Amino acid sequence: MRSFKGWSKGVAGVLLACLCATAQAGAVLDAVKRKGHVDCGVSDGLPGFAEVDAQGHYSGMDVDFCKAVAAAVFGDADKVRFHPLAAKDRFTELQSGEVDLLSRHTTWSSSRDTALGLNFVGVILYDGQGFLLSRKLSATTIEELGGTRICVQAGTTSELNLAEQFRARGLKYTPITYDSSEESADALESGRCDLLTSDRSQLHAQRSRLKNPENYLILADVISKEPLAPAVRQGDEEWFDIVRWTLFALINAEELDLTAANVEAQAEKPSNPEVARLLGKSGEYGRDLKLKRDWVVRIVSQVGNYGEIFERNLGENSPLGLERGLNQLWSRGGLHFAPPIR
């Protein structure tokens, strides 16, 4: 190999960066295949997103996304090991390689995307920060919350947003921080704080675990944008592409009316060229990702499409009872829009 001697520092730096990127490319996928499973970081107990039952079975929207990635890579959605992580630990666990994927109710922000060595693959849930409080407090707007004690999870965007928004409004408050959503909910219920702030979807989850959820309300006011997104480490574009296109496949599958119940029949006899491409009946799009050509069939048949995942974990017939709202497909008035597979 030619020496860098005599080259400009800029050219040498670019070449070294390219060589490092090449050396790292595919490292995560290779390691995942050797292990035989995906190590996935999830919430440490949040209804609708990630919780574990007495038998050790995990369920929730973030859990299902991890399963979808496993289905894409292995053809088996159960080839996942879940790692419950506190908010303050989630990024270091991903950075250190303890987990291959972070699917943990996490807001995509500029600093996290650039300064922490992470790449967010796409928005899985459009959310915003709100407030959960006892009806006894008799408050209906943020302006009536001055002088209160507010529970908030440490190491979250919620903590920062709270400080900024109350300062901008000239409101005084006492922050009470906890490491987990369960601790925050317990503190609200026991009266150690007057209200709780977090992403609205998380507030619905926390309210669902209270003994008398009907005694608590979520204010209509929303103080932030919270695009929740799975993340991977920077430096491995191959793994990033697999995780990102798993999310896109789930959204595209819903748009094309492909469900867990009909996807295998559609794979045998696609109803149109777009379905044929998505399900591997025409083209070699899975090969570009180093996946089997029927990788989307495996995902949808075992986990469902995006809408099925949303409805069973968060939807109006689930314990959380959330409306789709902004999380509808773009063609139905929402924000979810996935690039095509072609």
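The following legends describe close-up views of a predicted model.

**Figure 1. Overall architecture of the predicted protein.** The fold comprises 14 helices and 14 strands. The radius of gyration of the protein is 22 Å, close to the 20 Å that the globule rule gives for 342 residues, so the protein is as compact as a globular protein of that length. Along the principal axes, the C-alpha trace spans about 65 × 60 × 40 Å. Of the 342 residues, 50% are buried. Among contacts with a separation of 6 or more, 71% are made by residues 24 or more positions apart.

**Figure 2. The disulfide between Cys40 and Cys66.** This link is one of 2 disulfides in the structure. The sulfur atoms of Cys40 and Cys66 are 1.9 Å apart, and the bond is left-handed, with -45° about S-S. Cys40 belongs to strand E1 (residues 38–43) and Cys66 to helix H3 (residues 61–74), so the bond ties together parts that are 26 residues apart in sequence. Cys40 is buried, its relative accessible area being 0%. Cys66 is likewise buried, at 0% relative accessibility.

**Figure 3. The disulfide between Cys151 and Cys193.** A disulfide connects Cys151 with Cys193, with an S to S distance of 2.2 Å. The angle about the S-S bond is -105°, and the link is left-handed. Cys151 is located in strand E9 (residues 148–153), whereas Cys193 is located in the loop between helix H7 (181–190) and strand E11 (195–199), so this pair ties together parts that are 42 residues apart in sequence. Both Cys151 and Cys193 are buried. When the bonded cysteines of the protein are numbered in sequence order, the pairing reads 1-2, 3-4.

**Figure 4. The buried face of helix H14.** Within helix H14 (residues 306–313), the buried residues are Tyr306, Gly307, Ile309, Phe310 and Asn313. Viewed down the axis of H14, these buried residues fall within an arc of 165°, so they line one face of the helix. An α-helix has 3.6 residues a turn, so residues three or four places apart point the same way. The buried residues of H14 pack against H3, strand E7 (125–127), helix H9 (237–255) and helix H13 (295–303). At the start of H14, a side-chain oxygen of Asn305 comes to within 2.9 Å of the backbone nitrogen of Gly307.

**Figure 5. The salt bridge between Lys290 and Glu238.** The structure holds 14 salt bridges, including the pair of Lys290 and Glu238, whose closest N and O atoms are 3.1 Å apart. Glu238 has a relative accessible area of 18%. This value is under the 20% cut-off, so Glu238 counts as buried.

Figure 6. Arg293 pairs with Glu284 in a salt bridge, the closest N and O atoms being 3.1 Å apart. Arg293 is partly exposed, at 38% relative accessibility, and Glu284 is partly exposed with a relative accessible area of 32%. A salt bridge also joins the side chains of Arg298 and Asp294, with an N to O distance of 3.1 Å. Arg298 counts as partly exposed at 22% relative accessibility, as does Asp294 with a relative accessible area of 29%.

Figure 7. His105 is not a glycine, yet its phi is positive, at about 40°. This residue lies in the loop between strand E5 (101–102) and helix H5 (110–114). His105 is buried, with a relative accessible area of 7%. Ser138, also a residue other than glycine, has a positive phi near 55°. Ser138 is situated in the loop between strand E8 (129–134) and E9. At 58% relative accessibility, Ser138 is exposed.

Definitions and conventions. Residues are numbered from 1 along each chain as its sequence is written. This is a predicted model: local features need pLDDT of at least 70, side-chain atom pairs count only at pLDDT 80 or more; totals for chains, interfaces and linings use all residues. Side-chain values use heavy atoms; hydrogens and water are left out. A disulfide is a pair of cysteine sulfur atoms within 2.5 Å. Helices (H or I, at least four residues) and strands (E, at least two) are DSSP runs, numbered from the N terminus. Buried means under 20% relative accessible area, exposed over 50%, partly exposed in between (1.4 Å probe, protein chains only). The arc is that of the directions from the helix axis to the C-beta atoms. Contact means heavy atoms within 4.5 Å. A polar contact is a pair of N or O atoms within 3.5 Å; within protein, one must be able to donate a hydrogen and the other to accept it, and residues adjacent in sequence count only if both atoms are side-chain atoms. A salt bridge is a side-chain nitrogen of Lys or Arg within 4 Å of a carboxyl oxygen of Asp or Glu. The radius of gyration is taken over C-alpha atoms; the globule rule is 2.2 Å times the number of residues to the power 0.38.
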